[in-house]
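Dear colleague,

I am passing this structure on to you, and I would be grateful if you could look it over before we next speak. My notes on it follow directly below.

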Amino acid sequence: MSDRPVALVTGASSGIGSAIARSLAPTHDLLLGGRDETSLSVLAAELPGAQGWPFDLTDVASADLSSVSRLDVVVHSAGVALLGPLGEATDEDWRRTFEVNVFAVASLTKLLLPALRAASGQVVLINSGAGKNANPGWGVYAASKFALRAYADSLRADEPSLRVTSVFPGRTDTPMQHEVRRQEGGEYDATQYLDPASVGRAVASAVLATPDAHITEVVVRPRPR
């Protein structure tokens with residue numbers, strides 16, 4: 001790592017996470033978090049000042065962070081979406097969704113708080129349009145994203161030295177969106193979705209805001225092409 005600020009991006013192996021990493025690479029050294037070690041290594045080789053940090057987001061301990069001596073930004077981009085009517089949702093659906101989308105975020109952030117406080121750093125949470133509006137078939141996912149939104153608002157109030165930004169992308173052309181459309185039983189039309197790079201640039205604009213500015217929310221919606 002150089003003297004540049006350091007950003008940790010979770011879910012960096014694909015989709016929005018890798019796009020965010022590319023957008024921050026010109027200004028930050030990067031820790032690329034995720035479970036796919038091969039994909040992380042490929043991305044790290046592409047981005048100067050980046051290194052893969054393979055880990056299971058739901059099973060991170062303080063010992064896993066012993067090498068993180070400095071951290072200016074953490075971007076929580078990893079997530080899961082399990083769809084279906086609430087009457088059909090299993091207990092495991094609820095547990096898995098909240099474990100990844102909420103509990104893991106809270107746990108990792110808590111472990112990183114000393115470094116973030118020292119840097120007067122920033123926490124960026126990739127939420128969803130489902131974090132503002134709950135639709136039929138999306139109840140479990142929306143509940144987790146509403147909880148993530150509340151977590152961000154509370155963290156912002158509890159940690160005044162930090163900037164905390166919630167990002168609410170609309171549907172985005174990612175592997176996760178392919179899985180969502182499979183669950184919905186619909187066709188996949190990438191022209192109706194956001195380019196992940198657009199979300200990456202939106203995150204970078206919040207991170208690179210001047211010190212006097214605290215961008216608390218960013219909403220990005222696709223424009224049909």
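Is Thr109 buried or exposed? Thr109 is buried, because its relative accessible area is 0%, where buried means under 20% relative accessible area, exposed means over 50%, and partly exposed is what lies in between, computed with a 1.4 Å probe on protein chains only.

Before going further, please note that this is a predicted model, in which local features need pLDDT of at least 70 and side-chain atom pairs count only at pLDDT 80 or more, while totals for chains, interfaces and linings use all residues. Residues are numbered from 1 along each chain as its sequence is written, and side-chain values use heavy atoms, with hydrogens and water left out.

To return to Thr109, its place is in helix H3; helices (H or I, at least four residues) and strands (E, at least two) are DSSP runs, numbered from the N terminus. Setting aside residues up to four places away in sequence, Thr109 touches His76, Val123, Tyr151 and Leu155, a contact being heavy atoms within 4.5 Å. The side chain of Thr109 also reaches the backbone oxygen of Val105 at 2.7 Å.

Helix H4 covers residues 139-158, and its 20 residues reach 28 Å from the first C-alpha to the last, which is close to the 28 Å expected at 1.5 Å a residue; the expected span is taken as 1.5 Å times one less than the number of residues.

I turn next to the pockets. A pocket here is found on a 1 Å grid over the protein atoms alone, as an open set of points where a 1.4 Å probe fits, with protein on both sides within 12 Å along at least five of seven lines, and its lining residues have an atom within 4 Å of a point. The largest pocket has a volume of about 1,100 Å³, and of the 45 residues that line this pocket, Ser77, Gly79, Val80, Tyr141 and Met176 are the closest to its centre. The elements that give two or more residues to this lining are helix H1 (15-24), strand E2 (29-34), H3, H4 and H5, and the largest share, 6 residues, comes from H5. By class, the lining of the largest pocket divides into 17 nonpolar, 21 polar and 7 charged residues, where Ala, Val, Leu, Ile, Met, Phe, Trp, Tyr, Cys and Pro count as nonpolar, Asp, Glu, Lys and Arg as charged, and the others, Gly among them, as polar.

The second largest pocket holds about 240 Å³ of space, and of the 16 residues lining this pocket, Ser120, Gln122, Arg163, Val207 and Ala209 lie nearest its centre. Its lining has 8 nonpolar, 6 polar and 2 charged residues. Ser120 itself lies in the loop between H3 and E5, is partly exposed with a relative accessible area of 48%, and has a phi near 50°, a positive value in a residue other than glycine.

Helix H1 is mostly covered, with 9 of its 10 residues buried, among them Ile16, Ile20 and Leu24. Ile20 is also one of the contacts of Val203, the others being Val75, Val124, Ile126 and Val167 when neighbours within four places in sequence are left aside. Val203 has its place in helix H6 (residues 196-207) and counts as buried at 1% relative accessibility.

Finally, His28 lies in the loop between H1 and E2 and, at 4% relative accessibility, counts as buried. The side chains of His28 and Thr27 are joined by a polar contact of 2.7 Å, that is, a pair of N or O atoms within 3.5 Å, of which, within protein, one must be able to donate a hydrogen and the other to accept it, residues adjacent in sequence counting only if both atoms are side-chain atoms. Pro5, in the segment before strand E1 (6-9), is partly exposed at 26% relative accessible area and touches both Thr27 and His28, as well as Asp29, Arg70 and Asp72, not counting residues up to four places away in sequence.

With best wishes

Terms used. Points joined across faces, edges and corners; volume = space filled by probe spheres on them.
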